[in-house]
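Here are my notes on the model, as numbered points. Please read them with the structure open beside you.

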Amino acid sequence: MTAMSENKRVLQVKDLNVSYQKLRVLFDASIEISAGEVVVVVGRNGAGKTTLFRTVSGFLKQDKGTILFKGEDIGALPPYEVALKGLKYIQQDKHVFADLTVRENLELGSYATKDYDWDRVLEHFPKLKTLMDRKGGNLSGGERQMLLMAQSLLGRPDLVLMDEPTEGLAPHVIDDLKVAFKKIRGQTTLMIIEQNLPLTAEVADRVYAMKEGKIVAEIVDKQEIKDLKFEKYL
Amino acid sequence: MNKLIEYLRGPFVLIVLIVFARYVFPSKMTFLVEITTFSIYIIANDILYGYMGMVSFGQPFYLGVGAYTAAIYLAHVGHDPLVAIVLAILMGLVTGAILGPAYIRLRGDYFALINAASCGLGLFLVEKTFLAFTRGDDGLWYRSRMHATPLLDLRRPDEFFWFAMIVLFLVLVWYTWLNRSTLGASFRAIKVNESKMKFLGYNTFVIRWTGFTLNCVLAALAGAMFAVNYGFVNPSITAPDRAAEVLVATLLGGPGSIYGPFFGTVAFIGLRDVVSAFVSRWELAMGILTIIVCFKFRGGVWGTIQILGNKLKGLKGKSSAQSA
């Protein structure tokens with residue numbers, strides 16, 4: 001692990017072991033994330049990436065190991081308390097609340113966190129301003145992803161976990177999201193599961209590679225990330 | 001101020017229409033009071049089913065809680081119908097608060113069935129366990145014990161009608177607020193994706209408990225109004241076989257909408273009264289109608305009215321654009 005000063009650490013996961021009933025899917029996974037970083041987790045399907053995210057966000061409980069968020073152990077907290085502490089998780093399915101309008105979706109994000117500063121959030125996703133009265137179910141995949149990101153940024157979270165945000169999106173939409181990632185990183189720390197290697201190379205400060213439930217590599221060298229050195233672990 | 005007018009406008013128009021109907025068809029006043037009370041019962045179910053997607057086969061139990069609380073008070077303790085209604089509301093609140101944490105842990109079929117079991121339990125309690133208070137199958141009669149209430153004498157059907165109008169108006173104003181509030185949005189959001197609500201920072205357990213308790217309170221209010229209006233209650237009010245009618249009326253009206261419960265009630269009770277005048281098994285017509293609604297008109301009566309209204313607006317817009 002790279003040395004990081006204690007006070008800059010947003011998330012420290014140590015020796016995390018997680019099972020689905022008797023089937024163990026995470027083996028001694030350890031990661032560290034500093035404030036302001038963009039960390040990308042790569043790995044094949046079934047490597048344990050989503051399980052790692054779901055455990056960190058409180059949706060699954062670990063058998064063993066610790067999860068420290070801003071120095072506090074959150075391993076036993078329910079997901080809504082983890083979210084209120086400033087750790088948000090955007091699931092892979094891109095499900096927004098289909099029956100609610102974009103405005104109502106944002107209101108739900110605001111009410112939970114008491115953050116109604118929509119201008120700050122919507123400056124990254126200006127397109128949403130024109131879609132306020134449209135139902136979530138009528139948005140395109142890219143618009144949904146923008147809404148989910150906008151919703152998660154309400155409450156000024158310290159860390160946002162995103163599970164495959166670009167999956168199934170058109171290249172020009174991915175370009176828009178790339179711009180958004182770059183803008184957002186000044187406001188929060190991002191941890192992303194991503195299969196899009198060129199995007200990973202462009203935005204990541206640190207890459208963790210996972211295989212068969214284990215963290216098999218940590219790459220922090222910018223040039224190595226740009227050269228896609230992590231590809232061999234996929 | 002504009003918001004307040006928005007909340008009051010729809011319910012006010014609906015109440016004016018009911019009052020108008022009362023004077024045009026004076027012989028139908030009993031029918032109008034029945035649909036008013038039943039609408040509140042359907043609104044209770046609509047919070048659970050229409051908003052939160054939780055199917056309950058136990059609604060008669062919660063109706064019975066209110067009806068029997070009011071009836072037992074009026075038959076054994078006091079004489080004031082208003083006090084009976086307030087006690088029934090409180091009992092609905094207590095029932096929701098106590099049963100909620102256990103019941104809402106269950107999902108889907110299990111939630112529906114544990115509520116059905118409550119109905120069976122409720123029926124047993126009023127028929128056997130509390131026989132001394134409820135008089136079992138004979139039912140409780142207490143009309144002669146009821147005292148006059150100030151302003152409106154609830155013993156008199158014509159005055160109870162006005163009381164029912166006031167209550168329905170207040171419930172509809174509250175329901176309009178709920179529909180547009182964050183709490184209402186939370187209910188609808190839980191129905192679609194509960195996990196996502198948790199990730200946003202919501203304690204979904206508390207939200208579902210709140211919805212369940214509101215359902216109990218409103219059902220108990222409706223039960224108390226039945227009890228005061230008829231001056232009589234018997235165990236059939238909590239019978240499990242009456243659970244389906246609440247769901248059918250909710251479906252007919254259009255689940256998850258402000259006026260769906262009212263129009264569902266009108267369709268359900270209206271059809272029952274009309275068809276049963278010609279055929280003894282009116283349920284056959286209701287069954288066929290429900291199948292048609294399920295396949296063709298998911299938005300129910302109110303949803304269909306809204307679609308037609310939108311089409312009309314569209315036609316008007318087109319013709320005015322052409323004439324311009």
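This is a predicted model: local features need pLDDT of at least 70, side-chain atom pairs count only at pLDDT 80 or more; totals for chains, interfaces and linings use all residues.

1. Next, the make-up and dimensions of chain B. It has 14 helices and two strands. Its radius of gyration is 20 Å, close to the 20 Å that the globule rule gives for 324 residues, so chain B is as compact as a globular protein of that length. Along the principal axes, the C-alpha atoms of chain B fill a box of roughly 75 × 55 × 45 Å. Of its 324 residues, 44% count as buried.

2. Which residues touch the most other members of the largest nonpolar core? They are Ala70(B), Ala71(B), Ala220(B), Leu221(B) and Ala224(B), in a core of 158 residues. Helix H10 of chain B, residues 204-230, gives the most to this core, with 14 residues. Look at Ala70(B) in particular. Leaving out residues up to four places away in sequence, Ala70(B) touches Ala84(B), Ile85(B), Leu87(B), Ala88(B), Ala224(B), Ala227(B) and Val228(B).

3. Is Phe111(B) buried or exposed? It has 21 other C-beta atoms within 10 Å. The cut-off for burial is 20 or more, so Phe111(B) counts as buried. Residues up to four places away aside, Phe111(B) touches Met54(B), Ser56(B), Tyr103(B) and Leu106(B). Met197(B) is 86 residues from Phe111(B) along the chain, and their C-alpha atoms are separated by 20 Å.

4. Helix H11 of chain B covers residues 243-253. Nine of its 11 residues are buried, so this helix is largely enclosed by the rest of the structure. The buried residues are Ala243(B), Val246(B), Leu247(B), Val248(B), Ala249(B), Thr250(B), Leu251(B), Leu252(B) and Gly253(B). Gly254(B) follows H11(B) and has a positive phi, near 115°.

5. Now chain A. An open sheet of six strands there has the order E6-E7-E8-E3-E9-E10, with mixed pairing. Why is one side of E6 and of E10 left without a neighbour in the sheet? Strand E6 (87-90) and strand E10 (214-219) of chain A stand at the edges, and each has a single partner strand. On average, neighbouring strands of this sheet are turned by 20° against each other, direction ignored.

6. Within that sheet, look at one strand pair. Strand E7 (residues 159-163) and strand E8 (residues 189-193) of chain A run parallel, joined by five bridges. Asp163(A) stands opposite Ile193(A) in E8(A). Helix H1 of chain A, residues 49-56, packs on the sheet. H1 touches strand E3 (38-43), E6, E7, E8 and strand E9 (206-211) of chain A. The direction of H1 makes about 145° with that of E7(A).

7. Last, the interface. Here 21 residues of chain A are in contact with 14 residues of chain B. Helix H2 (79-84), E6 and helix H3 (102-113) of chain A each supply at least two residues of the side of chain A that touches chain B. H3(A) gives the most to that side, with seven residues. By type, the residues of this side of chain A divide into 11 nonpolar, six polar and four charged.

Definitions and conventions: Residues are numbered from 1 along each chain as its sequence is written. Chains are lettered from A and ligands numbered from 1 in the order in which they are written. Two strands pair if DSSP finds at least two bridges between them. Helices (H or I, at least four residues) and strands (E, at least two) are DSSP runs, numbered from the N terminus. Axes are lines fitted to C-alpha atoms, for helices over the stretch in contact, and angles run from 0 to 180 degrees between N-to-C directions. Two residues are in contact if their C-beta atoms, placed from the backbone, lie within 7 Å. Ala, Val, Leu, Ile, Met, Phe, Trp, Tyr, Cys and Pro count as nonpolar, Asp, Glu, Lys and Arg as charged, and the others, Gly among them, as polar. The radius of gyration is taken over C-alpha atoms; the globule rule is 2.2 Å times the number of residues to the power 0.38. A residue is buried if 20 or more other C-beta atoms lie within 10 Å of its own, exposed if 12 or fewer, and partly exposed in between; C-beta atoms are placed from the backbone. A nonpolar core is a set of buried Ala, Val, Leu, Ile, Met, Phe, Trp, Tyr and Cys residues joined through C-beta atoms within 7 Å.
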